[in-house]
Amino acid sequence: SAASDVYKRQARDFVLTNQDSLFISNDDLLGKVYVLEFFFSRCPDICIEMNKNMKKLDDTFGDLDDFGIVSITIDPAYDTPIILKKYSEDKSSSYT
């Protein structure tokens, strides 16, 4: 069915720079169930709620070896690794 096909989709190959200026790719998440979300650090409204939900997921599943969260900025010109590092520290999140 069409609904079950949604769960079979895979993210395209990617290589991104994280808040520690390290590269991360879909290969790093091979064999994991992961949540892929899009945000930007200057988001004044919905991102705050999204971050709360991501934090809940991280608190619940973050210690599992086969789980991960990938947060991708939609504003990479502003959201440099330095900005993302500060953002993650301000939000007390280990998953950003």
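Student: Leaving aside neighbours within four places in sequence, which residues is I83 in contact with?

Tutor: A quick note on the model first: it is predicted, local features need pLDDT of at least 70, side-chain atom pairs count only at pLDDT 80 or more, and totals for chains, interfaces and linings use all residues. Residues are numbered from 1 along each chain as its sequence is written, and side-chain values use heavy atoms, with hydrogens and water left out. Contact means heavy atoms within 4.5 Å. With neighbours within four places set aside, I83 is in contact with S41 and Y78.

Student: How far apart are the C-alpha atoms of I83 and S41?

Tutor: I83 has its place in helix α3; helices here are DSSP runs of H or I with at least four residues, strands are runs of E with at least two, and both are numbered from the N terminus. Along the chain, I83 and S41 are 42 residues apart.

Student: Is I83 buried, partly exposed or exposed?

Tutor: Buried means under 20% relative accessible area, exposed means over 50%, and partly exposed is in between (1.4 Å probe, protein chains only). The relative accessible area of I83 is 26%, so this residue counts as partly exposed.

Student: Which elements do the buried residues of α3 pack against?

Tutor: Those buried residues are L84, Y87 and S88. The packing partners of the buried residues of α3 are β3 and α2.

Student: What distance separates the end C-alpha atoms of α2?

Tutor: Helix α2 covers residues 46-61, which is 16 residues. The expected span of a helix is 1.5 Å times one less than its number of residues. That rule gives 22 Å for α2, and the model agrees, because its end C-alpha atoms are separated by 22 Å.

Student: Within what arc do the buried residues of α2 fall?

Tutor: In α2, the buried residues are C47, N51, M54 and D58. Seen down the helix axis, they line one face, because they fall within an arc of 65 degrees.

Student: And which exposed residues sit on the face of α2 turned away from its buried side?

Tutor: The buried residues pack against β3 (33-39), β4 (67-73) and α3 (81-90). The face turned away from the buried side of α2 carries the exposed residues I46, K56, D59 and T60.

Student: How far apart in space are N51 and E37, C-alpha to C-alpha?

Tutor: N51 is found in helix α2, and it is buried, with a relative accessible area of 9%. N51 and E37 are 14 residues apart in sequence, and C-alpha to C-alpha their separation is 9.7 Å.

Student: Which residues make up the largest nonpolar core?

Tutor: A nonpolar core is a set of buried Ala, Val, Leu, Ile, Met, Phe, Trp, Tyr and Cys residues joined through side-chain atoms within 4.5 Å. One of its members, L84, touches Q19, F39 and D79, not counting residues up to four places away in sequence. The largest core has five residues in all: F39, C43, C47, L84 and Y87.

Student: How many disulfides are found in the whole structure?

Tutor: C43 is buried at a relative accessible area of 10%, and C47 is buried at 4%. A disulfide is a pair of cysteine sulfur atoms within 2.5 Å. By that rule, the number of disulfides in the whole structure is zero.

Student: Where is S21, the residue with a positive phi?

Tutor: Most residues other than glycine have a negative phi. For S21, phi is near 60 degrees. S21 counts as partly exposed because its relative accessibility is 48%. This residue is found in the loop between β1 (15-17) and β2 (23-25).

Student: In what order do the elements run from the N terminus on?

Tutor: The protein has three helices and four strands. Of its 96 residues, 30% are buried. From the N terminus on, the elements run α-β-β-β-α-β-α.

Technical notes. The arc is that of the directions from the helix axis to the C-beta atoms.
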